[in-house]
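Subject: Structure handover and notes on helix packing

Hello,

Please find the structure below, with notes on what was found in it.

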Amino acid sequence: MAAAGALGGVVNALLSDSALVLPRERAGILQPGFLGNALLGSFAAVVTWGLYGPLKEAVLLGSRPLGEPPVNMTVTALVGAALTGVGGARVVTAEVDKRYLRSAGANAALTPADPRLATALRTASPCDAARAASARL
């Protein structure tokens, strides 16, 4: 389940500004990169599997009740873990992007009106927008 969630986290990194970069700090904001996305995806998948998977009622301490079904893993649980990995990592990616966009907006507000900067901010990734706006200060 953790591996499926990690794969989902890497898929999220490929779909976002993180791509296949290592974790790094830019403009004072920590980018999780693909490793952070994989770790967050793993965590989200394992938590979701624990809450809703076939082992949600399994006894970890104490005696096993009579008639409890044997442990199994289904394709649905595995695919669900990968999807949860994408979603869990996406939440963190959205937070990082929001911080970049706030930084870009605040820095752009401090500069004189510049049509080229406005065009650049309109089409840039959140990280590039923050970098472009801070370069004008």
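**Helix 2 and what covers it**

The buried residues of helix 2 are covered by elements that include helix 1, strand 2 (29-31) and helix 3. Those buried residues are Gly33, Gly36, Asn37, Ala38, Gly41, Ser42, Ala44 and Ala45. Please keep in mind that this is a predicted model.

Helix 2 itself runs over residues 33-52, which makes 20 residues. From first C-alpha to last it reaches 28 Å, close to the 28 Å expected at 1.5 Å a residue.

**Helix 2 against helix 3**

Helix 2 and helix 3 pack with their axes 7 Å apart, at an angle of about 130 degrees. The crossing of helix 2 with helix 3 is right-handed. On the helix 2 side the contact is made by Asn37, Leu40, Gly41, Ala44, Ala45, Thr48 and Trp49. Helix 3 contributes Ala77, Ala81, Thr84, Gly85, Gly88, Ala89, Val92 and Thr93. Sorted by class, the residues of this contact are eight nonpolar and seven polar, with no charged ones.

**Helix 1 against helix 3**

Helix 1 has 14 residues, which should span 20 Å at 1.5 Å a residue; the end C-alpha atoms of helix 1 are 20 Å apart, so the two values agree. Buried in helix 1 are Ala4, Gly5, Ala6, Gly8, Gly9, Asn12 and Ala13. Their cover includes helix 2 and helix 3.

The axes of helix 1 and helix 3 cross at roughly 45 degrees and come within 7 Å. Helix 1 and helix 3 are therefore oblique to each other, and their crossing is right-handed. From helix 1 the contact takes in Ala4, Gly5, Gly8, Gly9, Val11 and Asn12. From helix 3 it takes in Leu78, Ala81, Ala82, Gly85, Val86, Ala89, Arg90 and Thr93. The contact of helix 1 with helix 3 has seven nonpolar, six polar and one charged residues.

Which residues does Gly9 contact, leaving aside its neighbours within four places in sequence? They are Asn37, Ala38, Gly41, Gly85, Val86 and Ala89. Gly9 sits in helix 1, residues 2-15. Its relative accessibility is 0%, so Gly9 counts as buried. Gly9 and Ala82 are separated by 73 residues in sequence, while their C-alpha atoms are 8.0 Å apart.

**Helix 3 against helix 5**

Helix 3 (residues 75-109) also packs with helix 5 (residues 126-135), at an angle of about 25 degrees and with the axes 8 Å apart. Angles under 35 degrees count as roughly parallel, and helix 3 and helix 5 are therefore roughly parallel to each other. This crossing is left-handed. Helix 3 makes the contact through Asp97, Tyr100, Leu101, Ser103, Ala104, Asn107 and Ala108. Helix 5 makes it through Pro126, Cys127, Ala129, Ala130, Ala133 and Ser134. The residues of the contact of helix 3 with helix 5 comprise nine nonpolar, three polar and one charged.

Asn107 belongs to helix 3. Is Asn107 buried or exposed? The relative accessible area of Asn107 is 14%, so the residue is buried. Not counting residues up to four places away in sequence, Asn107 touches Ala130, Ala133, Ser134 and Leu137.

**Leu117 in helix 4**

Leu117 is part of helix 4, residues 115-123. With a relative accessibility of 4%, Leu117 counts as buried. Its contacts, apart from neighbours within four places in sequence, are Ala108, Thr111, Ala132, Ala133 and Arg136. Leu117 and Arg136 lie 19 residues apart in sequence, and 8.4 Å apart from C-alpha to C-alpha.

Regards

How values were computed:
Residues numbered from 1 in each chain as written. Predicted model: local features only at pLDDT ≥ 70, side-chain atom pairs only at ≥ 80, totals over all residues. Heavy atoms only, no water. Axes fitted to C-alpha atoms, helices over the stretch in contact; angles between N-to-C directions. Helix = DSSP H or I, 4+ residues; strand = E, 2+ residues; numbered from the N terminus. Parallel < 35°, antiparallel > 145°, perpendicular 65-115°, else oblique. Left-handed = near helix turned anticlockwise from the far one by under 90°. Contact = heavy atoms within 4.5 Å. Nonpolar A, V, L, I, M, F, W, Y, C, P; charged D, E, K, R; others polar. Buried < 20%, exposed > 50% of the residue type's maximum accessible area, 1.4 Å probe, protein only. Expected span 1.5 Å × (residues − 1).
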